[in-house]
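Please look over the sequence and the model shown here before reading on.

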Amino acid sequence: MRVILRRLVQLPVILLVIYTLTLTLAWAVPGNPLERSERRPSAEVQAAMKARYKLDSFWGFYWSYLDNASGLKWARDGLSGKAAAEAEKAKRLGVAPPARRVFDLGPSLQYEDWRVNEVLMGSLPVSVTIGGAAMAIALVIGVAAGVVGAMKPNSAADFGTLLVALVGVSLPSFVTGTVLLLVFSVWLGWLPVAEWGTLRALILPSFTLSLPFAAYIARLTRMGMIEVLKSDYIRTARAKGVSERDVVLKHALKNAFLPVLSYLGPATAMAMTGSFVVERVFSVPGLGQHFVNAVLNKDLFMIIGVVLVFSTMLVLFNLAVDVLYRWVDPRIE
Amino acid sequence: MWKLLMPLAVLLAVVVGVLAIDRPRKRADVVMLNGGDASTLDVTRVSWQQDNRIVGALWEGLVRNDVFDPAFGKLPGMAERWEVAADGKTWTFHIRANTAWSNGAPFTAGDFVFSWQRGLLPDTPSDYQGQLHLIKGAREFTRWRTEKLAEFAREGAGAERAKEAAALWAETQKKFDDVVKLKAVDDWTLVMELERPVPYWLDLCAFEPFYPIYRPLVEAYQSLNPATGRIEARSDWTRPPLLVTNGPFKLVDWKFKREMRLEKSEHYWNRGRVGIDSISIAVVEDRNAQVVAFQTGAVDFNTDLLADYRAEMVQQYRACLAEHASEVAAMEAEGADPITISRRLPADPRLNVHPLPAFGTYFYNFNCLPKLPDGRENPFFDPRVRRAFSMAVDRKNITENVRRCGEVPSGVLVPRGSIGGYASPAGVPYDPEAARKLLAEAGYPGGKGFITVEILFNRDMGHDLIAEAVKKDWESQLGVTVTLKQKEIKIVREDLKKHDFIVARGSWFGDYGDPLTFLETSRSDDGNNDRSYNSKEFDALLEAAGNEADPAKRLAILKQAEERLLDDSPLLPVFQYVEIYMFDPHKLTGVSPHPRHKQQLFMLDVLGDGKGPEKPVEMKRNAQVRP
């Protein structure tokens, strides 16, 4: 319990440090985020837009963003009655008032109409779905392949699974993804292209995303199993006459799985925050694209937003794994 | 064992949960790709062609472009009719009575005044403020408010700031009424007086940043900042169900970078002409996946074919036309437009590709400052040198062997044949002999003593291949040494702005149907004059054209200006762009082949679905102008 609390208290501090580092780096990137096409607005218009987004000074931006993102401004507006006044004004004009968010991550500079919160809320569930499915597939394939390999080390089955694992790790997903898309969607026509929201549309992207993870899990499981199968308690179990199936699944796997479990934390955070390549090949509206595009566009608000989300997820998943760890193996303190 | 299955179970539960909540919609009548998601739908702020296209579908301006008229005539929009006074400066627009916004609120002439005022304010400026400044007093108004805001900021903090900011805002409103000659005389009459006669004024009125916005919505999403005295605006009112529009469609759904869904509006005055009930604007970012999405039927209309193998697709399209050479020739003689020709030929997947000349020019900028950024003398300061370099480039080789998509090699800046009544100058010829002579005259015989020329360009879209071809021409024809420099687009733009380059790639797409939209970017004080070209004669010609009331004489002066520009060669035109559409001409109609590439989405019609006029739309043939 105390561990969980301590981690949760640490989280804001970690985020503050990450925010400061990210902004410093992103601010130093050359280029003007407000110049979005070949057409350059007049100097007056550019100055006005800079003032609008507080891009004139680093510290001005730093504190104003912190004020909005930390929830301080939200609390102040609520207490001072400013929020109520705005809602009143909107009601008088007959329209819904602007959304108020506790942690307001600001507007996107490249997509002016969108708040970063909305963009993240829209794409995070997509990435979580694909990432979740990918991790599920990776677990099933990886653990099964690892167990099969470890049962008869250096057999044909072992080399076969190792080879597949090697291919899975080495082949970049733009190759596997494109080949899968070509075969299953274009040639065979079994699965849809550029569609999102159905189970069918989920298959190819999550399978592609799962391959490198599956390969890594297979290797972890195999190593763990070989190690465990040599240990004394397994010999004892076999001597007692426990069936081979029970030896492997009940006794050995439980211990061999622990390295996999600790890998699952960062891996799930990675998978669930999206992959730029997989999203591009399969036209998946996920989070991964923003990591790359935000930097190319020098979209400061978006860069900080995605980095903060990724950091939060990384911390939370590692915490979840720690909790699972203790639960699976009560010996660990 | 079951403990080990826990992570798996949790993952699967998440997947099923999200899928259950997030169901896709039914397929729309037309699914189109519009080159990525819209950057903004805030009418005052729009500037990209893709955004303009959607704004044009959701809103209605004073007038609309007739995109199937080669001369780009104007059709009535919110204005039923209009007249211009004899001096060419005072315009009166009569707003259609009994029209409503998509929420049923009545539409009035005052809505235009509010919208254009917003674009003029330095707090919420339009990128096209310069065009709004054509209205008498508008420039003065913007300048006045900018100064007042600066003054307000200097005064610093005080207890009465909120009151002072409000007072300044009230004063601003009054100032607008006093000086800007833009008035809603009554709810149905809009009168404006311009600084000078502007022959393309109607074209600007049809231009999307000039469209009206719904006042209560915008006002609810802006507030006065007491610290700065500025209006602080948010743009997130452009989302359904909030958004209120007055055009052929209404916005029913917008999922960021996923899908935008437009449905026919029941409040649009011309709803009978709307050919489809719904459009979905999908987002497929990968250029090759866009083609796959079309081939598998997920997408009906791709407005910008950019696949790596698009040149091959264009070659196949040409091969298909060649197989029907005699029929094609007959239809061309008759004046049929390229899309119509494809539709009348037997169905063939190769004919789903439509390469069409565009209203844009690909060029190279020369730095025209006397000194280079590193302090050396700049040989390109001498117009003879620039012209010599321009004449040494084999443009035909670039379009035919490098680009291969049917681009038109061009020695002029304003795309030929794109503006009614404008006769383009002869242009810069490909003449290596004359180029060498000119370079020798300038003091560099055989390229001796010339600096190493660096070509700056951004890293995508095959700019490197063109730079290689230009390098080869300059090195072999002029005897100079050329190096290539690739950078990220944002950094290239920064360098251009700082004039930190020797030669740099550039391009320009016109905004309105007048040569000025290309020429004014070389005016000495223009913000887009990356070249720092500074010619009193050229500026004087633009000024003279501005003061000329007779349209034909005015165009003649502009032609002189373009000639002057090409003689001085601050830029080196390479070719006129093509835009490649992808759609099945036997299935979809209403796509205009006009070089301006403005599409009226309400004219799209799926043939054979029983909805809309069900009649193929063809380019009118009244034309002096070749489409």
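## A residue in helix α9 of chain A

A:Thr208 lies in helix α9 of chain A, which covers residues 199-229, where helices (H or I, at least four residues) and strands (E, at least two) are DSSP runs numbered from the N terminus. Because its relative accessible area is 1%, A:Thr208 counts as buried; buried means under 20% relative accessible area, exposed over 50%, and partly exposed in between, with a 1.4 Å probe and protein chains only. Leaving aside residues up to four places away in sequence, A:Thr208 touches A:Ser173, A:Thr176, A:Gly177, A:Leu180, A:Val278 and A:Phe282, a contact being heavy atoms within 4.5 Å.

## How the model is described

This is a predicted model, in which local features need pLDDT of at least 70 and side-chain atom pairs count only at pLDDT 80 or more, while totals for chains, interfaces and linings use all residues. Residues are numbered from 1 along each chain as its sequence is written, chains are lettered from A and ligands numbered from 1 in the order in which they are written, and side-chain values use heavy atoms, with hydrogens and water left out.

## Chain A as a whole

Chain A contains 14 helices and zero strands. Its C-alpha trace spans about 80 × 55 × 40 Å along the principal axes, and 49% of its 333 residues count as buried. Among contacts in chain A between residues at least 6 apart in sequence, 73% join residues at least 24 apart.

## Two helix pairs in chain A

Two packed helices are described by the angle between their axes and the distance between the axes. Helix α1 (residues 2-28) of chain A packs against helix α14 (residues 300-328) of chain A at an angle of about 155°, with the axes 9 Å apart; axes are lines fitted to C-alpha atoms, for helices over the stretch in contact, and angles run from 0 to 180 degrees between N-to-C directions. α1(A) is therefore roughly antiparallel to α14(A), given that angles under 35 degrees count as roughly parallel, over 145 as roughly antiparallel, 65 to 115 as roughly perpendicular and the rest as oblique. By class, the contact of α1(A) with α14(A) has 20 nonpolar, four polar and three charged residues, where Ala, Val, Leu, Ile, Met, Phe, Trp, Tyr, Cys and Pro count as nonpolar, Asp, Glu, Lys and Arg as charged, and the others, Gly among them, as polar.

Helix α10 (residues 232-239) of chain A and helix α11 (residues 244-272) of chain A pack at an angle of about 160°, their axes lying 10 Å apart, which makes α10(A) roughly antiparallel to α11(A). From α10(A), the contact is made by A:Tyr233, A:Ile234, A:Ala237 and A:Arg238, and from α11(A) by A:Glu244, A:Val247, A:His251, A:Ala252 and A:Asn255.

## Two residues of chain B

B:Ala184 is placed in strand β6 (residues 182-186) of chain B and, at 34% relative accessibility, counts as partly exposed. From C-alpha to C-alpha, B:Ala184 and B:Ala435 are 57 Å apart in space, and they are 251 residues apart in sequence.

B:Ser532 sits in the loop between α18 (516-519) and α19 (536-547) of chain B, and with a relative accessible area of 16% B:Ser532 is buried. Not counting residues up to four places away in sequence, B:Ser532 touches B:Cys368, B:Leu369 and B:His499.
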